[in-house]
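Below is a short note to go with the model. Please read the points with the coordinates open.

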Amino acid sequence: MKISWLPAVAGAAVIGTVIRAAYFTPLEAKQGAAQKIFYIHVPAAWVAFLAFFLVAVASGIYLWLRDQRLDRFAESSAEVGVVFTTVVLVTGPLWAKPIWGTYWAWWDVRLVSTLFLWFIYVSYIVLRGAVESPTLRARYSAILGILGAFLIPFIHLSVYLFATMHPMPILGKPSAPSLPNEMLVTLLLSLASFTLLYFTFVQSRYDYAVERDAIAARSGHDA
Amino acid sequence: MPDTAVYYHLAYTIALGIYAAYALSLHLRRKQLRVKS
C-alpha cells in the first residue's frame, strides 16, 4: 500500500500538536482549559485566510492565462477554506461561551464578517455547481473568488477599526508576540501543522478534480 | 481558575471530527470516481 509522505507528515504533525497542546502546554490562569481552544481556532483562521487569498491569486492569474489547472486549484482551495472557516465558526463560540458568557454577538463586526466570508465561499461552491459551461463556470467563480478575498484584510483589521469583544491579534501585530514561550511554541507548531493539513487536503481535492475532468472528457460531456 | 474543560474537549472533538469527515469525503469521492471510470 502506497502512503504519500504529505498526508502522513500532516497527520502526524496535527496529532503531535494536539498532544502538545493537551499535555505539554500550561493552563492559562484566568481562562483555564478553554484557552487551549486558541491552538485550534487561530490556525484554522490563518489557514482559511491563506486558502481564500490563494483562491484570489489563482483566480486572477486564471483570468489572465486561462489555464484550467489554476481554476482547479482555486476550486480546491475554496472548498478546503470553507472547511477551515467552519472550524473557526464552531470553535470560536465554544471559547466565547465560558469567557464572554455568550456564544455569539450579532453586533460584533469580527464575528459577523467571518460568517459573511463563509457564506461567500459557500456560494462560490454553489455557483460552480450551477453553471454548466466549464469556461463560464471558471470565469464567474474566478470573479467571485477575487471579490470574496477583499474581506480578508477587513476581517483582520476589524478588531482595530470597530468596538469588538474579539481579542487583538497575538502574532499578526506590529509589536512582539505577547505570549509565554511554551504557549508560543505550541501556537507556532499548530500553525505549521494545520498549514500542512491544508496542503494535503488541497492536493487530494485537486487530484479528484483532475480525475473528474478526465472522466468527463472521455465521456464527452462536462463534469 | 474556572472549570472550562468541557468547552475545550467539545471544541477539539468537533474540529478534529470536521477535518476527519472532510478527509473521508475526499477519499470516498475519489473512490466513487474510480468505480465510475
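1. Basis. This is a predicted model, in which local features need pLDDT of at least 70 and side-chain atom pairs count only at pLDDT 80 or more, while totals for chains, interfaces and linings use all residues. Residues are numbered from 1 along each chain as its sequence is written, and chains are lettered from A and ligands numbered from 1 in the order in which they are written.

2. Chain A overall. Chain A has seven helices and zero strands, where helices (H or I, at least four residues) and strands (E, at least two) are DSSP runs numbered from the N terminus. The radius of gyration, taken over C-alpha atoms, is 19 Å, close to the 17 Å from the globule rule for 223 residues, so chain A is as compact as a globular protein of that length. That rule is 2.2 Å times the number of residues to the power 0.38. The C-alpha trace spans about 65 × 45 × 30 Å along its principal axes.

3. Burial and contacts. In chain A, 37% of the 223 residues count as buried. A residue is buried if 20 or more other C-beta atoms lie within 10 Å of its own, exposed if 12 or fewer, and partly exposed in between, with C-beta atoms placed from the backbone. Of the contacts in chain A between residues at least 6 apart in sequence, 76% join residues at least 24 apart; a contact requires C-beta atoms, placed from the backbone, within 7 Å.

4. Helix α1(A). The 19 residues of α1(A) should span 27 Å at 1.5 Å a residue, and its end C-alpha atoms are 27 Å apart, which agrees. The expected span is 1.5 Å times one less than the number of residues. A:A10, A:V14, A:T17 and A:A21 are buried in this helix. Seen down the axis, the buried residues of α1(A) fall within an arc of 65°, so they line one face; the arc is that of the directions from the helix axis to the C-beta atoms. They pack against α2 and α7 of chain A. Exposed residues on the face turned away include A:W5, A:I15 and A:Y23.

5. Helix α3(A) and its ends. α3(A) covers residues 68–100 and reaches 46 Å between its first and last C-alpha, close to the expected 48 Å. It is largely enclosed by the rest of the structure, because 24 of its 33 residues are buried. A:R66 lies in the loop between α2 and α3 of chain A and has a positive phi of about 55° although it is not a glycine. A:R66 counts as partly exposed, with 13 C-beta neighbours inside 10 Å. Just after α3(A), A:G101 takes a positive phi of about 90°.

6. Nonpolar core. The largest such core (buried Ala, Val, Leu, Ile, Met, Phe, Trp, Tyr and Cys residues joined through C-beta atoms within 7 Å) has 58 residues. α2(A) gives the largest share, 17 residues. A:F84 is among the residues with the most contacts inside the core; A:F84 touches A:A44, A:V47, A:A48, A:A51 and A:Y198, not counting residues up to four places away in sequence.

7. Contact between chains. Chain B contributes 21 residues and chain A 28. The chain B side has 15 nonpolar, two polar and four charged residues. Here Ala, Val, Leu, Ile, Met, Phe, Trp, Tyr, Cys and Pro count as nonpolar, Asp, Glu, Lys and Arg as charged, and the others, Gly among them, as polar.

Conventions
Contact = placed C-beta atoms within 7 Å.
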